[in-house]
Amino acid sequence: MGGQPHGTRVPELPNEQTGVLRRELLLVLALSLGASAVSALISFTGSLTRPGGLRDQAANLNRSLAPDRPWLDLAWQLFSIGTALVPVLLVAHLLLRENASRDSGGMRLIGFDLRRPGFDLGRGAAVAAAIGGSGLLLYLGAHAAGANLTVVPESLPEVWWKFPVLIASAVQNSVVEEVIVVGYLLRRLDQLGWSPLAALAASSLLRGTYHLYQGIGGFVGNLVMGVIFVWLYRRWGRVGPLVAAHALIDIVAFIGYALLSGRVDWLPTV
């Protein structure tokens with residue numbers, strides 16, 4: 001796994017505590033990305049069994065929730081973003097209970113805090129630059145090969161709140177995924193005695209599976225991204241750079257699609 005200078009590996013717990021921790025982990029996943037993985041698997045099954053190829057179908061990521069009613073639509077968008085963050089608040093509560101000291105407990109246990117903003121943003125930008133371009137090429141290749149749905153990053157109406165909502169959605173995605181599927185999940189699997197390799201496989205496979213609604217390309221691309229992110233987390237001991245990287249990747253994807261859709265030939269659209 002490489003170096004672990006910040007001690008992201010944690011001691012295993014006594015046997016009497018592992019059952020409680022295992023149930024806690026399953027409940028958090030059932031309320032968040034575990035449920036998303038099951039939903040994505042069902043969605044992909046439906047896409048495979050529907051007449052026509054995968055690339056003739058669309059996966060719409062940010063769509064109107066109240067067409068032709070912009071203020072109601074905005075209310076639904078903000079409600080959706082806010083409720084999606086509730087599992088992150090639950091994780092913060094559980095980590096704070098694990099270590100009652102506010103100076104060293106809570107989200108600080110996984111490196112999601114404001115202690116090193118320059119490090120988090122700088123490393124995150126570098127990771128986003130390295131992954132974003134290759135991810136786009138993988139998607140275009142998978143789509144051309146018929147192994148991926150046409151991903152529509154946004155189809156919001158042309159209203160004043162469109163770009164702020166897209167940015168908020170990108171940040172929400174990054175916080176939920178990196179806090180839960182990297183920081184929290186790896187900490188709990190370490191405490192349950194999983195090996196670093198098994199924990200990496202579980203985290204990466206989960207990330208790939210809840211993106212399966214996009215198709216094989218979405219699954220493979222996010223699986224590889226998961227391996228890289230777990231490796232970086234083990235090295236840096238912080239979720240912060242991963243949240244920054246993921247947010248930047250999604251912001252560029254969402255806003256880039258909004259600006260380029262229908263204006264360039266190489267970008268698949270519906």
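Predicted model: local features only at pLDDT ≥ 70, side-chain atom pairs only at ≥ 80, totals over all residues.
Next, colour by accessibility. Ser 64 has a relative accessibility of 16% and therefore counts as buried, the cut-off being under 20%.

Now show the polar contacts of the Ser 64 side chain. One joins the side chain of Ser 64 to the side chain of Asp 73, at 2.6 Å.

Then move to a pair of helices. Select H5 (residues 117-144) together with H9 (residues 240-260): the two pack with their axes 7 Å apart and at an angle of about 45°. H5 is therefore oblique to H9. Turn the view to follow the crossing of H5 and H9, which is right-handed.

Finally, show side chains where the two helices meet:

- On H5, select Phe 119, Asp 120, Leu 121, Arg 123, Gly 124, Ala 125, Val 127, Ala 128, Ile 131 and Gly 132, which make the contact from that helix.
- On H9, select Gly 240, Pro 241, Ala 244, Ala 245, Leu 248 and Ile 249, which make the contact from the other helix.

Colouring this contact of H5 with H9 by residue class gives eleven nonpolar, three polar and two charged residues.

How values were computed:
Residues numbered from 1 in each chain as written. Heavy atoms only, no water. Axes fitted to C-alpha atoms, helices over the stretch in contact; angles between N-to-C directions. Helix = DSSP H or I, 4+ residues; strand = E, 2+ residues; numbered from the N terminus. Parallel < 35°, antiparallel > 145°, perpendicular 65-115°, else oblique. Left-handed = near helix turned anticlockwise from the far one by under 90°. Contact = heavy atoms within 4.5 Å. Nonpolar A, V, L, I, M, F, W, Y, C, P; charged D, E, K, R; others polar. Buried < 20%, exposed > 50% of the residue type's maximum accessible area, 1.4 Å probe, protein only. Polar contact = N/O pair within 3.5 Å; in protein donor to acceptor, adjacent residues only side chain to side chain.
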